[in-house]
Amino acid sequence: MVIFKKVLIALSTTGIIFVSFAISHGMAFSLFIQMYLLPILLFYALLVSLFADYLLKNFDGFFRRLIALFLHLLFAVSFILIPTIMGWKWDILFFENLTVAFESFIMLTAILSATIFWCFDEILKTKALKDKCKYILGKIGDLRI
């Protein structure tokens, strides 16, 4: 059930990024970005989120949310910086120095995606949303014949 929720979060994050890039940069560019972003979110971000949940299972409240955001952002930034530091010379990901790497479009996309993924994850963890879903499902269940 948890993995299904994380997959739903990854798909929602991809949808939000897709719409925002389609509005700002056009449909073709947005489709190009989504071709790479969706597998990264489905595998890498999903594992990072499960790892953060595992590490922070004994914490609650604001501190847990803050550390979870930090972990999501740390892994998103490291996903871009580690190949850069290693000197990988990809045409699109090779930067002259780390300052340019942090100002790049790819880094901003990684940070934006990690933040949106974290937001959706935290929204789905709230008790008010769970209670509202139980209430609605209970009302639907009352409609049975």
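The legends below describe several views of a predicted model.

Residues are numbered from 1 along each chain as its sequence is written, and side-chain values rest on heavy atoms, with hydrogens and water left out. Because the model is predicted, local features need pLDDT of at least 70 and side-chain atom pairs count only at pLDDT 80 or more, whereas totals for chains, interfaces and linings use all residues.

**View 1. The protein chain as a whole.** The protein chain holds six helices and zero strands, in the order α-α-α-α-α-α along the sequence. Helices (H or I, at least four residues) and strands (E, at least two) are DSSP runs numbered from the N terminus. Of its 145 residues, 32% count as buried, meaning under 20% relative accessible area with a 1.4 Å probe, protein chains only. Among contacts between residues at least 6 apart in sequence, 65% join residues at least 24 apart; a contact means heavy atoms within 4.5 Å.

**View 2. Helix α1 and its buried residues.** The 24 residues of α1 should span 34 Å at 1.5 Å a residue, which agrees with the 34 Å between its end C-alpha atoms; the expected span is 1.5 Å times one less than the number of residues. Buried in α1 are Lys-6, Ile-9, Ala-10, Thr-13, Thr-14, Ile-17 and Phe-21. These buried residues pack against α2 and α5 (105-125). An α-helix has 3.6 residues a turn, so residues three or four places apart point the same way. Just after α1, Gly-26 has a positive phi of about 105°.

**View 3. The packing of α1 with α2.** Helix α1 (residues 2-25) packs with helix α2 (residues 27-55) at an angle of about 150°, their axes lying 8 Å apart. Axes are lines fitted to C-alpha atoms, for helices over the stretch in contact, and angles run from 0 to 180 degrees between N-to-C directions. The two helices are therefore roughly antiparallel, a term for angles over 145 degrees. The residues of the contact of α1 with α2 comprise 19 nonpolar, six polar and two charged.

**View 4. The crossing of α2 and α5.** The axes of α2 and α5 come within 10 Å and cross at roughly 50°. Residues making the contact include Phe-29, Ile-33 and Leu-37 of α2 and Phe-105, Ser-113 and Phe-117 of α5. The residues of this contact divide into eight nonpolar, two polar and three charged.

Conventions: Parallel < 35°, antiparallel > 145°, perpendicular 65-115°, else oblique. Nonpolar A, V, L, I, M, F, W, Y, C, P; charged D, E, K, R; others polar. Buried < 20%, exposed > 50% of the residue type's maximum accessible area, 1.4 Å probe, protein only.
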